[in-house]
Amino acid sequence: MDLHPLNSSCPLTDVIKLQLVEAGLVECLLEVVGQTVDGEREEDIAQLKTASDLMVLLLLGDESMQKLFEGGKGSVFQRVLSWIPSHNHQLQLAGALAIANFARN
């Protein structure tokens, strides 16, 4: 799955972020993370970084973040929380940034 067009220089508005969340992009991103987290190929590492960065980007939208937080019980919130103790540095960083986005609101 090529995620680079979504992570381009084109800014994502809060409305677009919410639409992407509602369309199920987050579940796709979580699947990519799950498939690439233990990968050692350069392509796996790049896809993991892009997917986790996009996840953090989607959480910058207030409405999309609220939808995924679900009062602290949301499955996405729980997933990114589990990234913090990961052995993968990229996931640790993305998890910390995602949790910070949840906390800011």
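Modeller: Start with the word buried, which means a relative accessible area under 20%, while exposed means over 50% and partly exposed lies in between. Keep in mind that this is a predicted model.

Biologist: Why is Asp 44 called buried?

Modeller: The relative accessible area of Asp 44 is 11%. The cut-off for buried is under 20%, so Asp 44 is buried. Asp 44 is found in helix H3. Leaving aside neighbours within four places in sequence, Asp 44 is in contact with Thr 36 and Gly 39.

Biologist: What is Leu 91 called by that rule, buried or exposed?

Modeller: Leu 91 has 4% relative accessibility and therefore counts as buried. Leu 91 is in helix H6. Not counting residues up to four places away in sequence, Leu 91 touches Val 33, Val 37, Leu 48, Ser 52, Trp 83 and Ser 86.

Biologist: Why is Ile 16 called partly exposed?

Modeller: Ile 16 has 32% relative accessibility. Buried needs a value under 20% and exposed a value over 50%, so Ile 16 counts as partly exposed. Ile 16 lies in helix H1.

Biologist: How much of the chain is buried?

Modeller: Buried residues make up 43% of the 105 residues in the chain.

Biologist: Which elements does the chain have?

Modeller: There are six helices and zero strands. Along the sequence the pattern reads α-α-α-α-α-α.

Biologist: How do you know that the length of H3 agrees with its number of residues?

Modeller: H3 has 17 residues, which at 1.5 Å a residue should span 24 Å. The end C-alpha atoms of H3 are 24 Å apart, so the two values agree.

Biologist: Which residues of H3 are buried?

Modeller: They include Gln 47, Thr 50, Val 56 and Leu 58. Among the elements that cover the buried residues of H3 are H1, H2, H4, H5 and H6.

Biologist: How do H2 and H3 pass each other?

Modeller: H2 passes H3 in a left-handed crossing. Their axes come within 9 Å and cross at roughly 150 degrees. By class, the contact of H2 with H3 has 11 nonpolar, three polar and one charged residues. On the H2 side, the residues in contact include Leu 25, Leu 29 and Thr 36, and on the H3 side they include Asp 44, Ala 51 and Met 55.

Biologist: Which residues are buried in H5?

Modeller: In H5, residues 75-83, the buried ones are Val 76, Phe 77, Val 80 and Trp 83.

Biologist: What puts them on the same side of H5?

Modeller: They cover an arc of only 110 degrees around the axis, which puts them on the same side of H5. What covers the buried residues of H5 includes H2, H3, H4 and H6.

Biologist: Which residues of H4 are buried?

Modeller: Ser 64, Met 65 and Leu 68 are buried in H4. Seen down the axis of H4, its buried residues fall within an arc of 100 degrees, so they line one face of the helix. The buried residues of H4 pack against H1, H2, H3, H5 and H6.

Biologist: Why mention the phi of Glu 70?

Modeller: Most residues other than glycine have a negative phi. Glu 70 is not a glycine, yet has a positive phi of about 50 degrees. Glu 70 follows H4 and lies in the loop between H4 and H5.

Conventions. Residues numbered from 1 in each chain as written. Predicted model: local features only at pLDDT ≥ 70, side-chain atom pairs only at ≥ 80, totals over all residues. Heavy atoms only, no water. Buried < 20%, exposed > 50% of the residue type's maximum accessible area, 1.4 Å probe, protein only. Helix = DSSP H or I, 4+ residues; strand = E, 2+ residues; numbered from the N terminus. Arc of directions from axis to C-beta. Contact = heavy atoms within 4.5 Å. Axes fitted to C-alpha atoms, helices over the stretch in contact; angles between N-to-C directions. Left-handed = near helix turned anticlockwise from the far one by under 90°. Nonpolar A, V, L, I, M, F, W, Y, C, P; charged D, E, K, R; others polar. Expected span 1.5 Å × (residues − 1).
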